[in-house]
Each structure stands twice: as C-alpha cells, then as structure tokens.
Amino acid sequence: MDIEQVTKRAQEYVQRETHGFFRSDVLSAINREDIEGLTDRFYQELTFGTAGMRGVIGGGSNRMNPLAVARVTEGLGRYITGHQEDALVVIAYDTRNFSRLFAETAAQVLCRAGLTVQMFADVAPVPILSFAVRHLGAQAGITITASHNPSEYNGYKVYWADGAQVTPPHDEGIVTEVEAVRESGEPVEGMPLKEAEALGRFSWVDQQLHEDYYAMVRSVSIRPELFSRRESTLTVVFTPLHGTGLHPVERVLRDLGVSVITVDEQRDPDGNFPTVKNPNPEDPDAMSLALTYGVSNGADIILGTDPDGDRLGIAVPTTPDKTGYRLLTGNQIAVLLCDYICSGRRESGMDQLVTVKSIVTTDLMEKITEHYGGRCVNVLTGFKYIAQVIEQLAFSEEHFVFGAEESYGYLVEQDVRDKDAVSAAAMAVEMAQYHLKRGVSLLQHLEELYGQFGYHQERVLSRTLPGQKGQQQISRLMDHFRMDVTDGVAGSRVVSRMDLLQEGTGLPKTNMLIYRLEEARSFILRPSGTEPKIKCYLFCSSGEKDLTAARREVMRLLDRYEEFFDDQLSLIRSRTD
C-alpha cells in the first residue's frame with residue numbers, strides 16, 4: 001500500500017470517527033507524517049472472524065475503536081433480526097480500557113435496530129455472561145474483552161442462544177453480514193441509551209442473576225461435606241490480575257467457608273494492568289506477586305484469573321514448609337481436576353461419564369477418564385467446540401462432567417458454555433481440601449497419577465510474529481511443513497500426518513497440522529486465531545517406572561523437538577528478511 005492510499009484511508013476514517021480520542025490518535029499520526037504508523041493502522045481492516053474480533057486499541061481500520069465496534073454490531077444486529085425481530089441480547093465487558101465505551105456503543109446500535117438489550121452495570125466475567133444468555137433466554141450475547149492479551153488490546157466476542165461462542169452456521173452468517181456493512185461504507189448510527197430505556201429496549205442486568213450463578217456453583221460441589229462446618233483449614237491466596245474475577249471468586253470461596261487472601265496490589269480493576277506485562281495466569285511473571293504472598297502466608301494453593309475471568313492458573317507448594325511454589329501447567333491442572341471430578345462422580349453413583357478436551361490438550365486426560373469407565377471426546381481448539389458436545393449430550397444417557405483446554409480453560413458444570421475460572425476455582429479449592437485431608441499434596445497426587453498411568457509431559461511453543469511481515473512468515477511456515485516435513489520430526493519417524501485443511505479428517509476444517517510420531521509422541525502446529533502467533537504443541541510420555549529417569553528422557557525429547565521447530569522458523573525468517 002502506497003503513501004497516497006494510506007493517507008486517503010486515514011482522512012476517511014477521521015471524517016467518520018466521532019469519538020475525540022480515536023480521531024486525535026489518527027490526526028496526530030497524520031500531522032507527524034508517521035507513514036509507518038499510519039500504514040500499520042490502515043494496511044488492512046480489523047476483521048470480525050469466527051473467533052470474534054480482537055486488536056490494538058486506537059484509531060484506524062486495523063484498530064479496535066468505536067467505529068469498528070459499531071460496524072460489527074450493525075452486522076450482528078441484522079443477522080439476529082433475521083432470526084427473531086424482538087430478540088434479547090445481553091452485553092458484558094471486562095476491565096480493559098474503553099471496554100465500557102465499546103459495550104455502550106454496541107448497545108446503542110442494537111437498540112436502534114429494534115432489539116432489546118440488557119447490559120451489566122459493572123464489569124462481569126465471561127462465565128457470568130454465558131450463564132446470563134441461557135438464564136435470561138437471550139438470542140445472543142456480547143462480551144467486550146481481549147482475554148489475557150496485553151493492555152493495548154481489546155476485543156469483541158459473540159455468543160448464541162446456547163450460551164456458547166458462535167459456531168457454524170451462525171458465525172459464518174454473522175461474518176457475511178458484517179462484511180456487507182463494511183463494503184457498503186454507510187454510516188452506522190445508534191440510539192442514546194436513555195431514549196432506548198424509555199422505549200423499553202434497554203435495561204440493566206438484575207443483581208439476582210449473579211446470585212443465581214453463585215447458587216449454581218455451590219450446587220456442583222462434589223463433596224460438600226468437606227466444608228459442612230463452614231470453615232476450612234486451607235490457606236488460599238488469590239489474584240484477579242486487575243480483572244473481573246475479583247468479586248465472583250472471593251464470593252464463591254466465601255460461600256464454601258474458605259478465607260481468601262487477595263493480592264492487594266492486583267485487586268483493583270485497571271485496564272493498564274500496571275503490575276504485569278501480560279495479565280495471563282500462565283505467565284510466571286504475572287503470578288510472581290501471588291507467589292510472594294503465598295510464601296508470606298503459607299498458602300496451600302494459589303489461584304490466579306485473567307481479566308475476563310475465564311482462565312485459571314494454580315500454584316502449589318513444593319515443600320512441606322511452603323517456602324517454595326510451582327506453577328502448574330494447564331495440562332497438569334486439567335489432569336488433577338479430571339481425576340478429582342471423575343472419581344467423585346463415580347463415587348456418587350454416576351456412570352457414563354464424558355469429558356471433553358481440545359486436541360492439543362494432554363492425552364493423560366483420556367486415560368484417566370477411561371479408567372473411571374467414561375469416554376473422552378477430542379475437539380478442535382476453541383471452547384465453543386466443547387460446548388457443542390455438551391449440547392449433543394443433553395438428551396442422551398451420558399453425563400458431561402468436565403471440559404478442558406491446555407491454555408488454562410476449564411468447565412466443571414453445564415450451565416455455562418465457555419471457560420469458567422470462577423467455578424473451576426471453587427472446584428480446585430475443594431480438590432485441594434480433599435487431598436489435604438488424605439495427607440497428600442496436589443504435587444504428590446500428580447506423582448501418584450504418573451505412577452499409575454505413565455509420565456506425561458507437554459510443552460507449548462508460542463512465537464510472536466507481528467504485523468504484515470509476521471502474517472506472511474506464519475503462512476509460509478505452515479506451507480513449509482505441509483510440503484517439506486513429511487517423514488520425520490527431529491529424528492522421530494512420522495507414523496501419520498493429518499492436515500485439517502483437507503476433507504475427511506472427521507474434524508472441522510482449520511489451519512492445523514497434526515503429526516503422530518513413533519512411541520506415542522505428537523507434534524501439532526497451528527497459527528493462533530486471535531493473536532499474531534504461531535503455536536506448536538509437543539507431547540511426550542514414558543512408561544519408565546522410575547519417574548526421575550522418565551522425566552529425563554521426556555525432557556530430552558521435548559528439547560529436541562523445540563530446537564527442530566525453531567530451526568524451521570529461522571529458515572523461513574531468513575527467506576523473508
């Protein structure tokens with residue numbers, strides 16, 4: 001794109017954007033003659049895809065701003081009214097900068113389209129939005145969030161009547177309508193919320209909905225007798241990382257009778273996330289303050305949630321005196337919760353258990369589920385696919401009991417159809433209490449599981465490749481693996497290879513390559529759907545009974561596979577530099 005085109009797009013944007021901050025953001029770049037900055041703002045449209053919309057906050061067609069939100073919402077409104085003219089839409093938002101503004105913009109556009117909107121009066125986590133859509137009988141839901149991205153990002157996710165993020169055909173239908181709005185170039189207008197309220201089209205979500213959600217979380221406890229005296233011997237440290245998890249997590253743990261020590265420096269909602277670089281509980285740096293609190297208070301378990309309250313991180317003591325802590329991986333948390341839930345449900349007499357996991361989540365979950373007489377279903381990455389399985393099981397004799405993604409997403413109940421860090425936090429504390437009464441720590445129980453099912457270790461490689469050049473490198477890397485990496489990966493023979501862009505795989509088409517290697521190892525490659533990243537998932541296991549030797553063997557293999565992946569990425573970078 002040449003300078004003339006960039007300048008023209010920038011001037012057109014300034015004419016259409018009505019919000020002062022975002023107009024001045026672009027005007028400032030024009031006045032500075034910042035061609036590089038303007039090119040990044042306008043070289044493409046920030047697209048609304050099947051995973052929603054996410055981007056850097058700012059002025060421009062490739063930025064998250066009120067104009068982008070209004071256009072997407074106009075397309076969404078057209079799609080919804082095609083199904084139900086007087087439909088209800090529920091809107092929530094997280095603690096990020098401009099989240100409230102974007103939520104109000106969406107509400108104004110939908111109300112002008114003749115739809116009814118209920119919006120949360122304060123920040124709310126993803127699971128409560130999902131619960132609200134189902135509980136209120138809404139046709140759709142919107143949440144304004146960029147999940148665990150850095151502070152400069154925000155985003156927009158859409159939910160359908162089942163409480164899950166949209167899947168085909170709805171996601172494709174919405175994308176078509178959004179593209180039609182963009183291509184028309186027509187201005188999008190909204191209705192002032194006071195006017196919409198007077199017409200009965202706008203209202204605030206009632207506080208009782210929160211109470212109904214908390215009651216639901218209490219109802220899914222597996223061993224409520226652990227807390228029957230309304231007191232717990234556990235010491236729990238918690239950080240919401242400046243996000244929406246603060247009040248919900250404190251509330252559900254208080255309902256259990258558990259005293260929570262919340263990290264004071266990260267307690268208050270703040271879209272700048274001033275104490276962390278990335279507000280992600282799987283990031284050790286983000287959890288460092290909580291670990292310090294853990295040592296100071298002798299915590300039995302440390303919990304962390306991301307800004308929109310759907311991801312849960314856990315750290316546990318490594319020594320009996322609780323002077324050291326270790327962050328569990330997303331796969332380790334999944335394994336522990338899977339075992340606790342399956343064993344507890346079987347103990348209560350429930351049979352035909354079903355767990356669901358993404359294809360890039362540990363295979364150990366499958367072994368544990370089968371041990372308890374259940375079956376484990378593998379789906380594509382994205383919790384909406386886990387929700388699809390729950391919906392399919394609704395009228396069967398099987399019972400969904402647990403869903404997991406290795407990226408710290410868990411679901412321990414069915415009334416929410418997305419990742420739920422709040423109910424998962426309550427279940428994790430109950431699990432810790434149970435094993436504490438057994439005289440076993442969570443790390444010790446993890447070792448017990450390895451001894452029973454074999455040592456399993458996974459590693460997720462995530463490489464950021466920003467901008468237009470980064471997109472090209474990601475695309476070329478995937479092409480390189482498709483064409484050139486067919487027989488072996490770092491010296492391990494390829495037993496089978498599945499390209500999910502091809503027909504006949506049994507899974508929806510997506511840009512993912514799955515290598516099954518000798519000795520039950522796996523190597524999976526895919527671009528991120530929401531960030532400028534390429535991701536590689538490595539899976540290794542060992543039947544060696546000596547766990548120390550098994551760890552050594554598996555770590556050596558993982559290091560070898562990681563080096564191989566980075567070598568291929570360096571090769572592609574050298575060809576595009």
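**Close-up 1. Val56 and its bridge partner in strand S5.** In this predicted model, Val56 has Tyr153 of S5 as its bridge partner. The two residues belong to a pairing in which strand S1 (residues 53-56) and S5 run in the antiparallel sense, joined over four bridges. Strands of a sheet pair through backbone hydrogen bonds, in either a parallel or an antiparallel arrangement.

**Close-up 2. Strand S4 and its pairing with S5.** Strand S4 (residues 140-144) is also antiparallel to S5, and five bridges join S4 to S5. Within this pairing, the bridge partner of Ile144 is Tyr156 in S5.

**Close-up 3. The burial of strand S5.** Because eight of the eight residues of S5 (residues 153-160) are buried, the strand is largely enclosed by the rest of the structure; buried here stands for under 20% relative accessible area. Tyr153, Gly155, Lys157 and Tyr159 point one way from the strand, whereas Asn154, Tyr156, Val158 and Trp160 point the other way, and all of these residues are buried.

**Close-up 4. The open four-stranded sheet.** Four strands form an open sheet in the order S13-S12-S14-S15, and their pairing is mixed. Its edges are strand S13 (375-379) and strand S15 (409-411), each of which pairs on one side only. From one strand to the next, the twist averages 20 degrees.

Close-up 5. Helix H14 (residues 383-393) lies across S12, S13, S14 and S15, and runs at about 175 degrees to S14. Eight of the 11 residues of H14 are buried, so the helix is largely enclosed by the rest of the structure. These buried residues are Phe383, Lys384, Tyr385, Ile386, Ala387, Val389, Ile390 and Leu393. They pack against S12, S13, S14 and S15, and also against helix H7 (170-184).

Terms used:
Residues are numbered from 1 along each chain as its sequence is written. This is a predicted model: local features need pLDDT of at least 70, side-chain atom pairs count only at pLDDT 80 or more; totals for chains, interfaces and linings use all residues. Side-chain values use heavy atoms; hydrogens and water are left out. Buried means under 20% relative accessible area, exposed over 50%, partly exposed in between (1.4 Å probe, protein chains only). Two strands pair if DSSP finds at least two bridges between them. Axes are lines fitted to C-alpha atoms, for helices over the stretch in contact, and angles run from 0 to 180 degrees between N-to-C directions. Contact means heavy atoms within 4.5 Å.
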